[in-house]
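Here is a walk through a predicted model.

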There are 2 protein chains.
Amino acid sequence: MTRDRTAALVVIGNEILSGKVVDTNSVFLAAQLHALGVSLRRIVVIPDETDVIADTIAAVMPAHDVVFTSGGVGPTHDDLTIAGLAQGLGRRVVHDQALLALLQRHFGEDVSGARLKMAEVVEGTELLADERMGFPTMQLENIFVLPGIPEIFREKVLSLRERLAVEPFFLRTIYSGAQESTLAEYLNRTLAEFPELLLGSYPKLNHPEYRVRITLESKDRAYLERAFSALLAMLPSDVVVRTE
Amino acid sequence: MTRDRTAALVVIGNEILSGKVVDTNSVFLAAQLHALGVSLRRIVVIPDETDVIADTIAAVMPAHDVVFTSGGVGPTHDDLTIAGLAQGLGRRVVHDQALLALLQRHFGEDVSGARLKMAEVVEGTELLADERMGFPTMQLENIFVLPGIPEIFREKVLSLRERLAVEPFFLRTIYSGAQESTLAEYLNRTLAEFPELLLGSYPKLNHPEYRVRITLESKDRAYLERAFSALLAMLPSDVVVRTE
């Protein structure tokens, strides 16, 4: 099996850490990346602080093939992602002429002070045209810098799909009425036989139909089907509610 | 102002990173900690892998006053939080006699194999009685080890509130019909005058009532009220929709 393409997501925002805003961007990106066959290895939520952003970026950037940031881009005092990226990479912040022209078209000539901040990029940033949204997407080395507003974040992720796709995972699911502690031995035996399998076990309280959802995944469809059949053959038939 | 009590949350689970399950524990804990006056400084979501859990714990534990883990405790192969904590702290995993007795009461004498795993703790773990749930909560130094199932996670957090409380934050909110780029200068001026203020600015697309929600917070109520009045006095009256 080829090595996975790995990803990390850095979510920047005090509003998430204080529980004032629900972070819906993480689950959206996670599901999209999974569907594209990219392994999201880490989500980190950090405050709007330049030093923390810089240190976090410096740590995750070399350890993953692709990094996404969510939030902290905009005109206000708490929009520190660009400053943090610059510090983390040891580069300067510059005004991008193409962004400046876009802002001037939008705001008229009154692009000064806080609005001027929206034209700031880290030196070496590439602007990716985005037909869906008009405003381009910033790519800095292996980092995609995305805004935190969920509607815009999602559009940006969708527009990046073709750049990111590798091979998808295939999925099989078994719903069981048995307790997780009863199933554990069968899962262990399956993994001993199929060590490359991604095997998940998710208990659900008070569900009318099942107690545990077991997921089997692989990028190799035949391998997945063999593992799925092996586990099903092993499980006592009265513990299986249904499969997908 | 006294130094904040800081916290980190480590969420352990492939199901979150693949987008199969929505992590609702983070926002619940974030809001609870904020209400208690504890500063949640970092949320990290990582896969079910012993080495990654160990490295993450070793990094966050000394940097925060309190650490919470969510998930990865249970009887199956992907429940690796205890093993990861042990490795991260350089300690052994042992069977706890009190947990073993509890499991025997629940399962009868048949506590072996995978079920025996549910009695495992890291050496030095303290078991906190939990009247709400019956099953005790594991505390290991400054780490609270919580299960990932949302209903149980929430009950555990609620039962820990008294141990965690410091002083709460006070909150004021301004809803504005102006664009964020128009407001930015006023926010900057407010922060220059009130550097200790926690000031947030959250644009909302397509909301019928407002465009930006501005939040002001402090543990010092008088300081908050002075900052709130100063900002309101500064803002053109036609940009304020309402305040809370």
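Chain B and chain A bury about 4,500 Å² between them. Carbon and sulfur atoms account for 57% of that area. In chain B, the residues that lose the most area to chain A are Lys20(B), Arg41(B) and His77(B). Together these three make up 14% of what that side buries. The contact draws 55 residues from chain B and 55 residues from chain A.

Now look at charge. Side chains of opposite charge can pair when their charged atoms come close. The rule finds four salt bridges across the interface of chain B and chain A. One of them joins the side chains of Lys20(A) and Glu217(B), at 2.5 Å from N to O. That separation counts as a salt bridge because the cut-off is 4 Å.

Polar contacts cross the interface as well. There are 18 residue pairs of this kind between chain B and chain A, with both residues at pLDDT 80 or more. Which helix gives the most to the side of chain B that touches chain A? It is helix α8 of chain B, residues 180–193, with eight residues. By class, that side of chain B has 27 nonpolar, 15 polar and 13 charged residues.

Strands also meet between the chains. Strand β2 of chain A (residues 38–46) is joined by three bridges to strand β2 of chain B (residues 38–46). The two strands run antiparallel. To find the pairing on screen, go to Ile43(A), which stands opposite Val45(B) in β2(B).

Next, the aromatic rings. The count over all chains comes to six aromatic pairs. Take Phe68(A) and Phe144(A): their ring centres are 5.6 Å apart and their planes lie at 25 degrees, so the pair is stacked. Phe68(A) sits in strand β3 of chain A (residues 66–70), and Phe144(A) in strand β8 of chain A (residues 143–146). The pair links distant parts of the chain, 76 residues apart.

Finish with salt bridges in the whole structure. Over all chains there are 14. In one, the side chains of Glu225(A) and Arg172(A) meet at 3.0 Å, N to O. Why does this pair tie together separate parts of the sequence? Glu225(A) lies in helix α9 of chain A (residues 221–234) and Arg172(A) in strand β9 of chain A (residues 170–176), so the bridge ties together parts that are 53 residues apart in sequence.

Methods
Residues numbered from 1 in each chain as written. Chains lettered and ligands numbered in written order. Predicted model: local features only at pLDDT ≥ 70, side-chain atom pairs only at ≥ 80, totals over all residues. Heavy atoms only, no water. Contact = heavy atoms within 4.5 Å. Buried area = accessible area lost by both parts, 1.4 Å probe. Polar contact = N/O pair within 3.5 Å; in protein donor to acceptor, adjacent residues only side chain to side chain. Helix = DSSP H or I, 4+ residues; strand = E, 2+ residues; numbered from the N terminus. Nonpolar A, V, L, I, M, F, W, Y, C, P; charged D, E, K, R; others polar. Pairing = 2+ DSSP bridges. Phe/Tyr/Trp six-rings, centres within 6.5 Å; stacked < 30°, edge-to-face > 60°.
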